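Good morning, and thank you for coming. I would like to walk you through one structure, and I ask you to keep it in view while I speak.

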Amino acid sequence: MNLFDYIRDVPDFPKPGIMFKDITPLLSNPQAFQHAVQQLAAPFLDPLPDVIAAAEARGFLFAAPLALAMQRPLVPLRKPGKLPYSTHSLKYDLEYGSAELHMHVDAVKPGDKVLLIDDVLATGGTMRAAIELIRNAGGEILACGFLMELAFLKGKQLLDGIPSHSVLVVD
């Protein structure tokens, strides 16, 4: 199955000159979605991670079925004010401003091997912040997984040499 057949190009979104890669056609096709999750899981089955973590919101779409398939806990990395319990937090800079990720203080234990998941690796800023947040809590990053990597944006350079796998790569 060619998963690129389920990715829609949307020109000039969110601003002129950007070719947005829309994953909603993939999500709306159960066979394509299942195939994508299987392809995303394959490189991470041995060794299995202790925990799967994902930044909101689209990362949750792939991390949740992955966590169920692997029978591993899912740790949501959320925006400020979205988690009801005490959190670790990390502020970080983005291309057009700044953002912040939060994680419950008891979500990742020291020494946990964590698999970080997101839908798209673009410039790498959010994933770099997720790596730092997990490490600050004592977790070890086993690997990073993505449905799609926009390789021309060189986001992999911010992964600090951590192994990664992308189901689809756009050069």
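**Loops, strands and a pocket**

Pro14 is found in the loop between strand S1 (8-11) and S2. Before I continue, please note that this is a predicted model, in which local features need pLDDT of at least 70 and side-chain atom pairs count only at pLDDT 80 or more, while totals for chains, interfaces and linings use all residues. Residues are numbered from 1 along each chain as its sequence is written, and side-chain values use heavy atoms, with hydrogens and water left out. As for the element names, helices (H or I, at least four residues) and strands (E, at least two) are DSSP runs, numbered from the N terminus.

Let us return to that loop. The peptide bond from Phe13 to Pro14 is cis, and its omega is near 5°. Asp12 belongs to the loop between S1 and S2 as well. The phi of Asp12 is near 60°, which is a positive value in a residue other than glycine. Such features deserve mention because most residues other than glycine have a negative phi, and most peptide bonds are trans. Asp12 counts as partly exposed, at 49% relative accessibility; here buried means under 20% relative accessible area, exposed means over 50%, and partly exposed lies in between (1.4 Å probe, protein chains only).

A cis bond also joins Glu56 and Ala57, with omega about 0°. Ala57 sits in the loop between strand S3 (51-55) and helix H3 (58-70). A positive phi, near 60°, is found in Asp160, again a residue other than glycine. Asp160 lies in the loop between S8 and S9 and, at 45% relative accessibility, counts as partly exposed.

I turn now to strand S2, residues 19-22, where Asp22 is found. Is Asp22 buried or exposed? Asp22 is buried, because its relative accessible area is 12%. Its side chain makes a polar contact with the side chain of Thr24, at 2.8 Å. By polar contact I mean a pair of N or O atoms within 3.5 Å; within protein, one must be able to donate a hydrogen and the other to accept it, and residues adjacent in sequence count only if both atoms are side-chain atoms. With neighbours within four places in sequence left aside, Asp22 is in contact (heavy atoms within 4.5 Å) with Tyr6, Ile7, Arg8 and Val10.

Next comes strand S8, residues 140-150. Of its 11 residues, 9 are buried, so S8 is largely enclosed by the rest of the structure. The chain reaches S8 from S7 through helix H4 (residues 125-136), and this β-α-β crossover is right-handed. That term applies if, with the strands pointing away from the viewer, the path from the first strand over the helix to the second runs clockwise.

Which strands pair with S8? Two strands pair if DSSP finds at least two bridges between them. Strand S7 (residues 113-121) pairs with S8 in the parallel sense over 8 bridges, and Asp118 stands opposite Phe146 in S8. Strand S9 (residues 164-170) runs parallel to S8 and is joined to it by 6 bridges; there, Leu150 stands opposite Val170 in S9.

Within S8, please look at Glu149. Glu149 is buried, with a relative accessible area of 8%. The side chain of Glu149 makes a polar contact with that of Ser166, at 3.1 Å. Not counting residues up to four places away in sequence, Glu149 touches Leu121, Lys156, Ser166, Leu168, Val169 and Val170.

My last topic is the largest pocket, which holds about 1200 Å³ of space. On a 1 Å grid over the protein atoms alone, a pocket is an open set of points where a 1.4 Å probe fits, with protein on both sides within 12 Å along at least five of seven lines; lining residues have an atom within 4 Å of a point. Grid points are joined across faces, edges and corners, and a volume is the space filled by probe spheres set on the points. Of the 36 lining residues, Phe20, Arg58, Glu95, Ala122 and Thr123 are the closest to the centre of the largest pocket. Which element gives the most to this lining? S7 does, with 4 residues.
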